[in-house]
Amino acid sequence: MAGLRGVPGDRSTTDRGHEFSREGRRILVIFASLGVAATLYAAFGLEQGYVYMEGGIRGLIVGGLGIVTLVAWLFLYRFRASLAQAPDDRLDERQVQVRDRAYLQSFRIFVVLVVAGLALLGFLPQLAGHPVALSFDIVLPFLLGAILYALLLPSAVVAWTEPEPVPEPLGTVR
Amino acid sequence: MTGKRTEPTLHNRLAVLRAERGLSRQELADAVGANYQTIGYLERGEYNPSLLLAFAIADYFGLPIEAVFSPRPFPALSDIVYNRTSA
């Protein structure tokens, strides 16, 4: 049909994410989102923060958290690849709406995270009476966090908000 | 801060037409260039189609668009067949 997006019959491949139930997808989102923050904290916070940890133990914790985060992210990526990251010609009009709405929500969440990060970095130590001289070492985990969350959020929002797929009733049609 | 915008629902006869013709959602979706889940969303009234998609679906069934989609609820087909109400 001219004027409609994409090629008929090519859209079943854009729903691989529905292999997961909504609950399963939300668990993946929680693991991936908290995993990014936990891995960054373990990698940088335990080295120079209030809690110091030896390099070997810290490496094990960072590695473990990193693997859990990566696995959750890879599973989420299947969802993102199917919808949040798909080009227009692989999606129909409803899926384009879902994807675009996810990017808007991701932007709002990202702004909140950035403001929270700036508050944590700039204002809280000042208020707590422990002013911190900002250096690249201190800012680096926040920069990495911003990059990782910017990449993660669209697929996380889609995975979180898409409802449980409703199966076609059997017996009504062939 | 305003709440969520609620769109009026566009009623349709997709489920009935599909059942009449023995079509699966996937077959209808393939024919009109949509995802099969979008057909499910349409049938449940959870998504309003664009004019293009609405016309594509009506064309596929060989019916005028107002026979498939309506801003008002459709009367039951049995009522129309037995002249208990007007279409």
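Helix 2 of chain B and helix 3 of chain B stand roughly perpendicular to each other, because their axes cross at roughly 105 degrees and angles of 65 to 115 count as roughly perpendicular. The model is predicted. It scores ipTM 0.79 and pTM 0.74. Chain A has four helices and zero strands.

**Confidence**
- The average pLDDT of chain B is 87.
- In chain B, 90% of the residues score at least 70.
- Helix 4 of chain B (residues 51-61) has the highest confidence in that chain, at 96.
- Helix 6 of chain B (residues 77-81) has the lowest, at a mean of 80.
- Where pLDDT is low, the predicted coordinates should not be read in detail.

**Helix 2 against helix 3 in chain B**
- Helix 2 covers residues 25-32 and helix 3 covers residues 36-43 of chain B.
- Their axes come within 8 Å.
- From helix 2 of chain B, the contact uses Arg25(B), Gln26(B), Leu28(B) and Ala29(B).
- From helix 3 of chain B, Tyr36(B), Thr38(B), Ile39(B) and Gly40(B) meet them.
- By class, this contact of helix 2 with helix 3 of chain B holds four nonpolar, three polar and one charged residues.

**Ala34(B), in the loop between them**
- Ala34(B) sits in the loop that links helix 2 and helix 3 of chain B.
- Ala34(B) is buried because 29 other C-beta atoms lie within 10 Å, and 20 or more is the cut-off.
- Ala34(B) and Ala15(B) are 19 residues apart along the chain. Their C-alpha atoms are separated by 16 Å.

**Chain A layout**
- The elements of chain A run α-α-α-α from the N terminus on.
- Chain A has 174 residues, and buried residues make up 26% of them.
- Take the contacts in chain A between residues at least 6 apart in sequence: 83% join residues at least 24 apart.

**Nonpolar cores**
- The largest nonpolar core has 19 residues.
- Ala32(A), Leu76(A), Leu152(A), Ala156(A), Val158(A) and Ala159(A) touch the most other members.
- Helix 1 (22-48), helix 2 (55-84) and helix 4 (136-161) of chain A each supply at least two residues of this core.
- Helix 4 of chain A gives the most to this core, with seven residues.
- In soluble globular proteins, nonpolar side chains tend to be buried together.

Definitions and conventions: Residues are numbered from 1 along each chain as its sequence is written. Chains are lettered from A and ligands numbered from 1 in the order in which they are written. pLDDT is the predictor's confidence in each residue, from 0 to 100. A nonpolar core is a set of buried Ala, Val, Leu, Ile, Met, Phe, Trp, Tyr and Cys residues joined through C-beta atoms within 7 Å. A residue is buried if 20 or more other C-beta atoms lie within 10 Å of its own, exposed if 12 or fewer, and partly exposed in between; C-beta atoms are placed from the backbone. Axes are lines fitted to C-alpha atoms, for helices over the stretch in contact, and angles run from 0 to 180 degrees between N-to-C directions. Angles under 35 degrees count as roughly parallel, over 145 as roughly antiparallel, 65 to 115 as roughly perpendicular and the rest as oblique. Two residues are in contact if their C-beta atoms, placed from the backbone, lie within 7 Å. Ala, Val, Leu, Ile, Met, Phe, Trp, Tyr, Cys and Pro count as nonpolar, Asp, Glu, Lys and Arg as charged, and the others, Gly among them, as polar.
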